[in-house]
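Please explain the reasoning behind the structural terms applied to this predicted model.

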Amino acid sequence: MIELLIAAGFVFLANAARTEGLVKSETKFVYKDASGKVTSVRVIRRYWRTRIMHPLAKIDPRIDPKLLRAATIAQERADAHSRAQCWHYVKEALIASGAINSYPQSAYAYEAGDELSRVYGFKKLSARDPYAAPLGAILVYGGRGHVEIRTKDGFASDYYSKERCFYPLLAVYGKFSSQTLAARD
């Protein structure tokens, strides 16, 4: 008798769920969110064990070779975790490589692109995806602000990562070598 009552209870609950819009589906998982609204998400049936691999940075022959050296220096000096000094570390790598000849005066990371283009001759590149940025490019992010240099297989500032920063990308900057400019004229 008890089993019959339990079975009847499950049938009642299943019918109540269907009447509230919570229907069984093979492709969607239907549930009520915190506000009580019925919503659904796609059911994932496969798990791919292979990691998503981002492409290696391409070398743009127009980019100043000193920026390639700056990327190497930044990667060598980077820590495993952020110290909240990304712009300071990028400045140091740019000076050590000879890409710029004086220490930038801007204090905040989101100001880096403006100063690099205005004072040091950097140009805004057309890349809108950090993974498509050429090796040695300077990436400036918005939000709370972040600056990093594109390395061969990742990004370096005060820390090194194979993944891009999660802030929105404002712009990608590069400096063209004088040999390239002379060849175009």
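Q: Which element gives the most to the lining of the largest pocket?
A: Helix H3 gives the most to that lining, with four residues. A lining residue must have an atom within 4 Å of a pocket point. The elements that give two or more residues are H3 and S5.

Q: What makes up the lining of the largest pocket, by residue class?
A: The lining divides into 11 nonpolar, six polar and six charged residues. Of the 23 lining residues, those closest to the centre of the pocket are Ser82, Ala84, Cys86, Gly145 and His146.

Q: Why are S5 and S6 called paired strands?
A: Pairing requires at least two bridges. Isoleucine 149 has alanine 156 of S6 as its bridge partner.

Q: What makes H3 a helix that packs on the sheet?
A: Contact means heavy atoms within 4.5 Å, and H3 (residues 86-97) touches strand S4 (138-141), S5 and S6. The direction of H3 makes about 35 degrees with that of S5.

Q: Why is one side of S3 and of S7 left without a neighbour in the sheet?
A: The six strands form an open, antiparallel sheet in the order S3-S8-S4-S5-S6-S7. S3 (123-125) and S7 (160-161) stand at its edges, each with a single partner strand, so one side of each has no neighbour there.

Note on methods:
Residues numbered from 1 in each chain as written. Predicted model: local features only at pLDDT ≥ 70, side-chain atom pairs only at ≥ 80, totals over all residues. Heavy atoms only, no water. Axes fitted to C-alpha atoms, helices over the stretch in contact; angles between N-to-C directions. 1 Å grid on protein atoms, 1.4 Å probe; cavity = no way out; pocket = protein on both sides within 12 Å on 5 of 7 lines; lining within 4 Å. Nonpolar A, V, L, I, M, F, W, Y, C, P; charged D, E, K, R; others polar.
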